[in-house]
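Below is a report on one protein model, from single residues up to the whole chain. Please look at the structure before reading on.

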Amino acid sequence: MSFDPLAMLTAFGLIFLAELPDKTMFASLAMGTRMRPLYVWFGTSAAFLVHVALAVGAGSLLSLLPGVAVKLVSAALFGFGAFVLLRSSGDDDDEEGGARTVTGFWPVWGTAFMTVFIGEWGDLTQITTANLAATNGWLPTAIGSAAALMSVSALALLVGRFIAKRVPLRTVQRVGGLCMAVLATWTLVEAFTG
């Protein structure tokens, strides 16, 4: 199997846009205000890597199905993702947390890991990663998805307040939703023409 850089960039772009307005971005931002940001990033990144591995594994199993069936399922999942993003209200609030500050590497890492690990189950980015792995290959999808998720977490920790003040989340959701709708249409066309 050859490595497709375009598949990696596609995964990065889609996952980045889908994760940007997600609750885990706000959780990272909130944790970063009370805990050491680098420790939070290590914890969130570890959780994202586990979820990417699970999603890519599920997508690899999907790839064993006949090509037309995979493309139809993929088109449906992309369509669902577009629906969810376009229908979102964009009014996610920061995750609530107590005033207590967590210190030390392992307590911060554990808090960040568990927050993201629990919060990402069945998330749009996990479904999209599985979908991309089924159609574009597991390795470029895994690299692109993991890099996107870790980048969003880093952005939230470094410049999250700037993004929240300057770019309306509704705009980000709409762009992500339109990208998903285009991919759903493209995949549907490929299912019947390729």
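Serine 28 sits in helix α2, which spans residues 23-34. Helices (H or I, at least four residues) and strands (E, at least two) are DSSP runs, numbered from the N terminus. The model is predicted: local features need pLDDT of at least 70, side-chain atom pairs count only at pLDDT 80 or more, and totals for chains, interfaces and linings use all residues. Residues are numbered from 1 along each chain as its sequence is written, and side-chain values use heavy atoms, with hydrogens and water left out.

**Serine 28**

Is serine 28 buried or exposed? Serine 28 is buried, at a relative accessible area of 1%. Buried means under 20% relative accessible area, exposed over 50%, and partly exposed in between (1.4 Å probe, protein chains only). The side chain of serine 28 makes a polar contact of 3.5 Å with the side chain of serine 153. A polar contact is a pair of N or O atoms within 3.5 Å; within protein, one must be able to donate a hydrogen and the other to accept it, and residues adjacent in sequence count only if both atoms are side-chain atoms. With neighbours within four places in sequence set aside, serine 28 is in contact (heavy atoms within 4.5 Å) with Val40, Thr44, Ser153, Ala156 and Leu157.

**Aromatic pairs**

How many aromatic pairs does a search of the whole structure find? The count is eight. Phenylalanine 12 and phenylalanine 16 form a stacked pair, because their ring centres are 5.7 Å apart and their planes stand at 20°. Rings of Phe, Tyr and Trp (its six-membered ring) pair if their centres lie within 6.5 Å; planes under 30 degrees apart count as stacked, over 60 as edge-to-face and the rest as tilted. Both phenylalanine 12 and phenylalanine 16 belong to helix α1 (residues 5-19); they are four residues apart, so about one helical turn separates them. Phenylalanine 12 is partly exposed at 30% relative accessibility. Phenylalanine 16 counts as buried at 18%.

Tryptophan 109 and phenylalanine 113 are stacked too, with ring centres 5.0 Å apart and planes at 10°. Helix α5 (residues 105-119) holds both tryptophan 109 and phenylalanine 113, four residues apart, about one turn of the helix. Tryptophan 109 is partly exposed, with a relative accessible area of 23%. Phenylalanine 113 counts as buried at 15% relative accessibility. Tryptophan 109 and phenylalanine 113 also belong to one aromatic cluster, whose other members are Tyr39, Trp41, Phe42, Phe105, Trp106 and Phe117.

**Surface**

Which residues make a nonpolar surface patch of about 350 Å²? Phe3, Trp138, Leu139 and Ile143 do. Patches are made of residues with over 30% relative accessible area and no salt bridge: like charges are joined within 9 Å, nonpolar side chains (Val, Leu, Ile, Met, Phe, Trp, Tyr) within 5 Å. A salt bridge is a side-chain nitrogen of Lys or Arg within 4 Å of a carboxyl oxygen of Asp or Glu. Isoleucine 143 lies in helix α7 (residues 138-166). Isoleucine 143 is partly exposed, with a relative accessible area of 38%.

**Pairs apart in sequence**

Tryptophan 186 belongs to helix α8 (residues 169-193) and is exposed, at 53% relative accessible area. Alanine 184 lies in helix α8 as well, but counts as buried at 10% relative accessibility. Alanine 130 is in helix α6 (residues 124-136) and is buried, with a relative accessible area of 12%. Beyond its neighbours within four places in sequence, alanine 130 is in contact with Ala55, Ala58 and Gly59. C-alpha separations for these residues follow.

| Pair | Apart in sequence | C-alpha to C-alpha |
|---|---|---|
| Tryptophan 186 and alanine 75 | 111 residues | 7.9 Å |
| Alanine 184 and lysine 71 | 113 residues | 9.2 Å |
| Alanine 130 and alanine 142 | twelve residues | 9.3 Å |

**The whole chain**

The protein chain has eight helices and zero strands. Along the sequence, the pattern reads α-α-α-α-α-α-α-α. The protein chain has 194 residues, of which 43% count as buried. Among its contacts between residues at least 6 apart in sequence, 93% join residues at least 24 apart. The accessible surface of the protein chain is about 9,800 Å², and 69% of that belongs to carbon and sulfur atoms. Accessible areas come from the Shrake-Rupley method with a 1.4 Å probe; for residues, only the protein chains shown count as cover.
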